[in-house]
Amino acid sequence: MDDRSYMEQALALAKEAAQEGEVPVGCVIVRQGQIVGRGRNRRETDKTALGHAELEAISDACKNLGGWRLWDCTLYVTLEPCPMCAGAIINARIPRVVYGAADQKAGSCGSVCDLFSMAYNHHPQVVCGVCEAEAAALLSDFFQRLRLTLKTRPKWRPKQSLQEESDEMESANCRIGSACPDCGAAAMQLDPGKQT
Ligand SMILES: [Zn+2]
């Protein structure tokens with residue numbers, strides 16, 4: 001299989017993420033023609049900022065290969081790695097990274113910065129733009145749908161405090177004439193029948 005075929009496997013994982021309401025990013029790690037690690041974004045599902053596709057795939061590969069040095073592997077990811085994931089790639093000694101779409105906001109393999117060219121102890125080779133159009137389309141479709149959902153759902157309204165709710169109930173009770181220690185007394189004073 002070539003780079004494109006492996007990236008298609010990563011794209012399939014990104015689609016799975018989108019189906020679960022996650023930003024669609026998928027990742028596979030390949031060693032000697034075999035996929036040894038898989039991951040996808042799970043930040044919302046797992047409620048963790050660490051739930052990035054690359055971290056999950058690196059963890060999966062380390063578990064499957066029985067060690068933390070992934071020195072003969074290639075990592076394929078649909079979106080340019082962020083600084084956290086680029087750091088994990090350096091720590092795992094992955095020699096080659098292939099990504100799809102560039103990330104102008106957090107990409108750390110050339111967009112915002114290039115961690116792999118800095119004075120760290122490991123310098124992975126990078127190939128960018130593989131299946132770029134598909135990866136970018138998945139992301140833009142996802143965000144377009146999200147914007148539509150936010151536009152059509154009922155407007156957010158702050159929850160009233162218990163005191164405000166109880167004040168509102170009390171004034172409603174007064175309006176319908178039921179007993180209310182403060183207003184009831186006032187009403188009795190204003191009642192002409194009770195005046196002497
Ligand atoms: Zn990341």
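Q: What share of the contacts with a separation of 6 or more comes from residues 24 or more positions apart?
A: That share is 53%. Bear in mind that this is a predicted model.

Q: How many helices and strands are there in the protein?
A: The protein has 7 helices and 5 strands.

Q: In what pattern do they follow along the sequence?
A: The pattern reads α-β-β-α-α-β-α-β-β-α-α-α.

Q: And what percentage of the residues is buried?
A: Of the 196 residues in the protein, 30% are buried.

Q: On to the sheet. What is the strand order?
A: The order is E2-E1-E3-E4-E5. The sheet is open, and its pairing is mixed.

Q: Which strands stand at the edges?
A: Strand E2, residues 34-40, and strand E5, residues 125-127. Each has a single partner strand, so one side of each is left without a neighbour in the sheet.

Q: By how many degrees are neighbouring strands turned against each other?
A: By 20 degrees on average, ignoring direction.

Q: How do E1 and E2 run, parallel or antiparallel?
A: They run antiparallel, with 6 bridges joining E1 (residues 26-31) to E2. Ile29, for one, has Gly37 of E2 as its bridge partner.

Q: What about the hairpin of E1 and E2, how many residues lie between the strands?
A: There are 2 residues between them. Gln32 in this hairpin takes a positive phi near 45 degrees.

Q: And E1 with E3, how many bridges?
A: E1 and E3 pair over 5 bridges, in the antiparallel sense. Arg31 stands opposite Cys73 in E3.

Q: Is E1 mostly covered or in the open?
A: E1 is mostly covered, with 5 of its 6 residues buried.

Q: Which residues does Ile35 touch, leaving out those up to four places away in sequence?
A: Ile35 touches Gln9, Val28 and Val30. Ile35 itself lies in strand E2.

Q: Buried, exposed or partly exposed, which is Ile35?
A: Partly exposed, because Ile35 has 18 C-beta neighbours inside 10 Å. Buried would take 20 or more.

Q: How far apart are the C-alpha atoms of Ile35 and Cys73?
A: They are separated by 9.4 Å. Along the chain the two are 38 residues apart.

Q: Helices next. Which strands does H1 lie across?
A: H1, residues 3-19, lies across E1, E2, E3 (73-79), E4 (96-101) and E5. Relative to E1, H1 runs at about 145 degrees.

Q: How do the axes of H1 and H5 sit?
A: They come within 11 Å and cross at roughly 5 degrees. The two helices are therefore roughly parallel to each other.

Q: Which residues make that contact?
A: From H1, Leu11, Ala14, Lys15 and Ala18. From H5, Glu134, Ala135, Leu138 and Phe142. They divide into 6 nonpolar, no polar and 2 charged.

Q: What is the reach of H5 from its first C-alpha to its last?
A: H5 reaches 31 Å with 21 residues, close to the 30 Å expected at 1.5 Å a residue.

Q: Switching to Ala57. Which helix is it in?
A: Ala57 is in H3, residues 53-65. Ala57 counts as buried, because 30 C-beta neighbours lie inside 10 Å.

Q: What does Ala57 touch, beyond residues up to four places away in sequence?
A: Ala57 touches Cys27, Val28, Ile29, Gly37, Arg38, Gly39 and Leu75.

Q: Is Lys47 buried or exposed?
A: Lys47 counts as exposed, because it has 8 C-beta neighbours inside 10 Å.

Q: And what about the phi of Cys131?
A: Cys131 also is not a glycine, and its phi is positive at about 55 degrees. Cys131 lies in the loop between E5 and H5. With 23 C-beta neighbours inside 10 Å, Cys131 counts as buried.

Definitions and conventions. Residues are numbered from 1 along each chain as its sequence is written. This is a predicted model: local features need pLDDT of at least 70, side-chain atom pairs count only at pLDDT 80 or more; totals for chains, interfaces and linings use all residues. Two strands pair if DSSP finds at least two bridges between them. Helices (H or I, at least four residues) and strands (E, at least two) are DSSP runs, numbered from the N terminus. Axes are lines fitted to C-alpha atoms, for helices over the stretch in contact, and angles run from 0 to 180 degrees between N-to-C directions. Two residues are in contact if their C-beta atoms, placed from the backbone, lie within 7 Å. Angles under 35 degrees count as roughly parallel, over 145 as roughly antiparallel, 65 to 115 as roughly perpendicular and the rest as oblique. Ala, Val, Leu, Ile, Met, Phe, Trp, Tyr, Cys and Pro count as nonpolar, Asp, Glu, Lys and Arg as charged, and the others, Gly among them, as polar. The expected span of a helix is 1.5 Å times one less than its number of residues. A residue is buried if 20 or more other C-beta atoms lie within 10 Å of its own, exposed if 12 or fewer, and partly exposed in between; C-beta atoms are placed from the backbone.
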